[in-house]
Amino acid sequence: MNESLIEHVTQSQTNSLALFGQLLIHLLVFGGNLLIILVIRLKKSLYENNTLRIVLSLSIADLFLSISVLPFTTYSQLYYPQWTLGFYSCVFWLTNDLQLKTTSIYHLCSITYERYLSIAKPMLFRINIQKRIQYLIMFNWTASFVFITLPFLMLGLTDSQSIYSTSCNIASSVFIAYFTIITFWIPLSIMMFFGSKAVYLIRKIDGFGAEKHHY
């Protein structure tokens, strides 16, 4: 009796600490991204910086993530493996989670590409920069929907058991493998390619400048 009571109290304390930690993370994510959005949007010189508009769109995605995804994530972690909120709330949570996280990752790829372009081809970088940034942002949101969210919704319609039974998670190994390739390996390859090229060019420019200064 005493042992079960102690175990229950310990479990309650653990859940309370986990809940406090999760709420703190939510506030930091929400507050941090809201601050970034306000600073960029309200300060004209920053808002007119086209590259920072990618950062603005990234912060908007992360802000929506903190509002529509993280509360469900906290619930899932506290009561795992049980999910008592129903099928539609499960689909809502997973859909937003996949869409917004994928969009954020694609924005990081865009930032890496823009940084490379500004170093490798500075003249081309300045040509139609506003339209290019707009197209990149539109592509990031659209591609994440087409390549991830839409296939996930089709999976939910054709095989709801692979998403929701007594718990809310993706059970399809095929979709998980596909998701990993689209949202991790391909973006990682893109960022490593353009990032390494940018670093190489910076070192090359610095080396050329030092050699020229020496002579």
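These legends describe close-up views of pockets, a surface patch and a cavity in a predicted model.

Residues are numbered from 1 along each chain as its sequence is written. In this predicted model, local features need pLDDT of at least 70, side-chain atom pairs count only at pLDDT 80 or more, and totals for chains, interfaces and linings use all residues, while side-chain values use heavy atoms, with hydrogens and water left out.

**View 1. The largest pocket holds about 220 Å³ of space.** Among the 13 residues that line this pocket, Y106, C109, F139, N140 and I190 are the closest to its centre. A pocket is an open set of points on a 1 Å grid over the protein atoms alone, with protein on both sides within 12 Å along at least five of seven lines; lining residues have an atom within 4 Å of a point. The volume is the space filled by probe spheres set on the points, which are joined across faces, edges and corners. Helices α5 (87-120), α7 (129-158) and α8 (173-214) each supply at least two lining residues, and the largest share, 5 residues, comes from α7. Helices are DSSP runs (H or I, at least four residues), numbered from the N terminus. The lining has 11 nonpolar, 2 polar and no charged residues. Here Ala, Val, Leu, Ile, Met, Phe, Trp, Tyr, Cys and Pro count as nonpolar, Asp, Glu, Lys and Arg as charged, and the others, Gly among them, as polar.

**View 2. The second largest pocket has a volume of about 170 Å³.** Its lining includes L94, D97, K101, I170 and F179. Both α5 and α8 give two or more residues to this lining, and α5 gives the most, with 6. By class, the lining residues are 7 nonpolar, 2 polar and 2 charged.

**View 3. F139, F145, V146, F147, L150, L153 and M154 make a nonpolar surface patch of about 610 Å².** Patch residues have over 30% relative accessible area and no salt bridge, and nonpolar side chains (Val, Leu, Ile, Met, Phe, Trp, Tyr) are joined within 5 Å. A salt bridge is a side-chain nitrogen of Lys or Arg within 4 Å of a carboxyl oxygen of Asp or Glu. Areas come from the Shrake-Rupley method with a 1.4 Å probe. M154 is found in helix α7 and counts as exposed (over 50% relative accessible area), because its relative accessibility is 51%.

**View 4. The largest cavity holds about 40 Å³ of space.** A cavity is a set of grid points where a 1.4 Å probe fits but cannot get out. The lining consists of S76, Y80, P81, Q82, W83, S167, C168 and N169, divided into 4 nonpolar, 4 polar and no charged residues.

Technical notes. Patch = residues over 30% accessible without salt bridge, like charges linked within 9 Å, V, L, I, M, F, W, Y side chains within 5 Å. Buried < 20%, exposed > 50% of the residue type's maximum accessible area, 1.4 Å probe, protein only.
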